[in-house]
Amino acid sequence: MSRVVVTGRVPEAALEKLRAEHEVDAWTGPESIGREELLRRVAGADAILSLLTERVDGELLDAAGPQLKVVSNVAVGYDNIDVRACTARGIVATNTPGVLTEATADIAFGLILMATRRLGEGERLIRAGQPWKWGMFFLLGSSLQGKTLGVVGMGGIGQATARRAKAFGMDIVYQSRSEIDSAIAAELGARRVDLDELLTVSDVISLHCPYGPNTHHLIGAEQLSAMKSSTYLVNTARGPIVNEAALAAALREGVIAGAGLDVFEKEPTVHPDLLDLENVTLVPHLGSATIETRTAMAVLAADNTLAVLRGEQPPTPIG
Ligand code: GLV
């Protein structure tokens with residue numbers, strides 16, 4: 001029997017799977033586990049099931065000890081994990097791709113609709129008790145039919161967002177490290193372009209690339225200026241892909257029309273300048289937040305852990 005440390009609350013189905021084979025030490029506090037507590041608890045762990053709010057770095061791996069075999073992130077993004085530090089110690093790192101694709105694309109598209117149709121503004125207005133009535137020019141937004149969606153990062157979530165956009169009558173361009181499957185590109189009518197072209201031709205830009213040194217502030221003042229003043233930017237990937245101060249300035253000055261953000265540079269803090277703006281929709285990192293999806297993510301992370309502890313290949317290793 002091995003010792004598995006779970007760094008936060010996860011659905012019971014995952015814990016049951018782990019408990020059937022191993023001793024499980026799961027943090028169940030209402031708040032995130034503190035760093036000191038985490039460093040203390042991982043000592044002697046054979047496996048760590050980590051949430052994206054926890055930083056898994058060399059210090060944590062060393063605090064666990066040389067018997068640690070696997071770090072299973074309950075997230076598709078793994079910028080909270082120092083994968084090199086894991087590899088250097090012979091520790092397998094895994095994530096949860098696939099199972100959250102549709103839920104995250106739903107939120108991306110929800111934000112596209114909220115931003116372009118000014119739904120947040122309308123909601124705030126009613127809740128504030130402000131007088132209103134139907135008017136020919138009241139809260140006019142922008143249509144999606146016939147417009148162009150630019151997808152930055154055309155992996156599973158980018159493609160799922162593009163599918164939704166196609167159903168709304170949009171044209172698709174994308175920027176990605178590699179060309180997508182030609183049958184899928186044909187079905188979506190999606191054209192691969194470089195980032196410069198994507199920024200200038202898109203009416204809505206949706207970010208779906210991973211976060212890392214290459215994508216830090218991928219969208220800053222220069223990129224925002226390259227966009228049309230009627231363009232909307234949506235980010236459901238990772239906050240630091242966008243320079244939030246530059247985005248707030250661009251939204252305030254009408255450099256772009258609006259934005260929808262599910263992720264933030266310094267979560268859970270939101271740049272104060274964004275909070276004052278009407279033309280940005282802000283939601284608190286809800287991309288994968290459905291009961292079904294979170295359960296599937298936690299179960300996949302448990303399956304990854306169990307496989308490595310059995311000496312088998314995990315279903316979804318990183319890299
Ligand atoms: C959520 O943000 C994830 O990466 O799974």
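## The seven-stranded sheet

Two strands are taken to pair if DSSP finds at least two bridges between them. In this predicted model, strands that pair in the parallel sense form an open sheet of seven strands, whose order is β8-β7-β6-β9-β10-β11-β12. At the edges of this sheet stand β8, residues 190-192, and β12, residues 280-282, each of which pairs on one side only. On average, and with direction ignored, neighbouring strands of the sheet are turned by 15 degrees against each other.

Within this arrangement, strand β6, which spans residues 148-152, is joined to strand β9, residues 204-207, by four bridges in the parallel sense, and the bridge partner of G150 in β9 is I205. Helix α7, residues 156-167, packs on the sheet, where it touches β6, β7 (171-175) and β9, and the direction of α7 makes about 175 degrees with that of β6. Helix α5, residues 101-117, also packs on the sheet, touching β6, β9, β10 (232-235), β11 (258-261) and β12, and its direction makes about 150 degrees with that of β10.

## The five-stranded sheet

A sheet of five strands is likewise open and parallel in its pairing, with the order β2-β1-β3-β4-β5. Its edge strands are β2, residues 23-26, and β5, residues 92-94, and each of them pairs on one side only. Strand β1, which covers residues 3-6, pairs with β2 in the parallel sense over four bridges, and in β2 the residue D25 is the bridge partner of V5.

Helices lie across this set of strands as well. Helix α1, residues 12-21, lies across β1, β2 and β3 (47-50), and it runs at about 145 degrees to β2. Helix α13, residues 291-309, lies across β1, β3, β4 (70-73) and β5, and runs at about 165 degrees to β4.

## The ligand and its surroundings

Which residues surround the ligand? They are L52, A75, V76, G77, L100, R238, H285 and M297. By residue class, this shell divides into five nonpolar residues, two polar residues and one charged residue.

For R238, an N or O atom in the side chain is 2.7 Å from an oxygen atom of the ligand. Of the 190 Å² of accessible area that the ligand has on its own, the protein covers 90%.

## Backbone features in the loops

Most residues other than glycine have a negative phi, and most peptide bonds are trans. The peptide bond that joins E267 and P268 is cis, with omega at about 5 degrees, and P268 itself lies in the loop between β11 and α12, the latter spanning residues 272-275.

R118 is found in the loop between α5 and α6, where α6 spans residues 119-127.

Note on methods
Residues numbered from 1 in each chain as written. Predicted model: local features only at pLDDT ≥ 70, side-chain atom pairs only at ≥ 80, totals over all residues. Heavy atoms only, no water. Near = heavy atom within 4 Å. Polar contact = N/O pair within 3.5 Å; in protein donor to acceptor, adjacent residues only side chain to side chain. Areas by Shrake-Rupley, 256 points an atom, 1.4 Å probe, with all protein chains shown as cover. Nonpolar A, V, L, I, M, F, W, Y, C, P; charged D, E, K, R; others polar. Helix = DSSP H or I, 4+ residues; strand = E, 2+ residues; numbered from the N terminus. Contact = heavy atoms within 4.5 Å. Axes fitted to C-alpha atoms, helices over the stretch in contact; angles between N-to-C directions.
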